[in-house]
Amino acid sequence: SQPAINHPSMFPRLLVALIAVAVFLAASRAIAVEEQPRGWGSAWIVPHSTEEKVARERSDRLDKAVNAQDWATVAKVLEELERTSPKSWELQSIEAYVATLRGRYLEAATCYDRALALLPKSNRSERSKLYVDRATAQALNGSYHAARVDLEKAIALDKNNILAHNNYAWLLATCPDSSVRDGQRAVQYARGVSESLKHGSPMVL
């Protein structure tokens with residue numbers, strides 16, 4: 001049976017966005033898992049081979065299964081991807097997203113560990129995104145100090161990662177652990193994000 005998801009008080013609005021983004025990214029990265037080693041530059045638009053068509057259909061199945069919370073079908077699709085590209089960081093990130101959606105936060109963090117181990121260190125932008133995602137799983141699991149460290153790593157890797165700055169502000173402002181909270185620093189980061197977005201996003205703290 002599916003475990004009950006007990007979200008801590010932090011990230012109240014962010015979690016809604018996380019689920020929507022996770023569904024989209026899980027489906028999109030399902031194609032990326034198979035596209036990367038084959039160089040399918042246009043698979044997103046029109047499949048040009050049987051392999052590309054299969055990848056697109058697999059992505060669609062994953063998208064629908066995640067939306068329907070059909071975890072048995074999700075597991076089957078992930079098994080297929082595992083056979084195709086067992087050492088893909090995208091695949092590990094998909095598994096992490098799914099684990100997060102299911103409330104399996106330790107499992108999600110472990111999958112993000114594997115994704116980071118597989119992703120080249122030169123790819124700073126993607127590594128920054130993975131640290132943001134792992135921080136969310138860590139925070140949802142109550143590992144607030146680890147979440148803070150991950151967000152600081154994400155910001156250090158990519159100072160233009162607005163989501164990293166915003167999540168960092170949320171964590172510092174709303175964390176149940178007083179040793180992690182830092183109101184003054186939270187305001188500083190939230191103000192920076194808001195100014196970057198010209199004060200037009202309701203997601204900003």
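**View 1. Helices α7 and α8 are roughly antiparallel to each other in the predicted model.** The axes of α7 (residues 144-157) and α8 (residues 162-174) cross at roughly 150 degrees and come within 9 Å. Angles over 145 degrees count as roughly antiparallel, and the pair is therefore assigned to that class. The crossing in which α7 passes α8 is left-handed.

**View 2. Residues of α7 and α8 that form the contact between the two helices.** From α7, the contact is made by Tyr144, Ala147, Arg148, Leu151, Glu152, Ala154 and Ile155. The residues contributed by α8 are Ala164, His165, Asn167, Tyr168, Leu171 and Leu172.

**View 3. The largest nonpolar core, of 32 residues.** Tyr112, Leu130, Tyr144, Leu151, Tyr168 and Leu171 touch the most other members of this core. Two or more residues are given to the core by each of α4 (89-101), α5 (105-118), α6 (124-140), α7, α8 and α9 (183-196). Another core lies apart from it and has twelve residues, among them Leu62, Trp71, Ile94 and Leu101.

**View 4. Surroundings of Leu151.** With residues up to four places away in sequence not counted, Leu151 touches Val132, Ala135, Ala164, Asn167, Tyr168 and Leu171.

**View 5. The protein chain, with nine helices and zero strands.** Of its 205 residues, 48% count as buried. Among contacts between residues at least 6 apart in sequence, 57% join residues at least 24 apart.

Conventions. Residues numbered from 1 in each chain as written. Predicted model: local features only at pLDDT ≥ 70, side-chain atom pairs only at ≥ 80, totals over all residues. Heavy atoms only, no water. Axes fitted to C-alpha atoms, helices over the stretch in contact; angles between N-to-C directions. Helix = DSSP H or I, 4+ residues; strand = E, 2+ residues; numbered from the N terminus. Parallel < 35°, antiparallel > 145°, perpendicular 65-115°, else oblique. Left-handed = near helix turned anticlockwise from the far one by under 90°. Contact = heavy atoms within 4.5 Å. Core = buried A, V, L, I, M, F, W, Y, C linked by side-chain atoms within 4.5 Å. Buried < 20%, exposed > 50% of the residue type's maximum accessible area, 1.4 Å probe, protein only.
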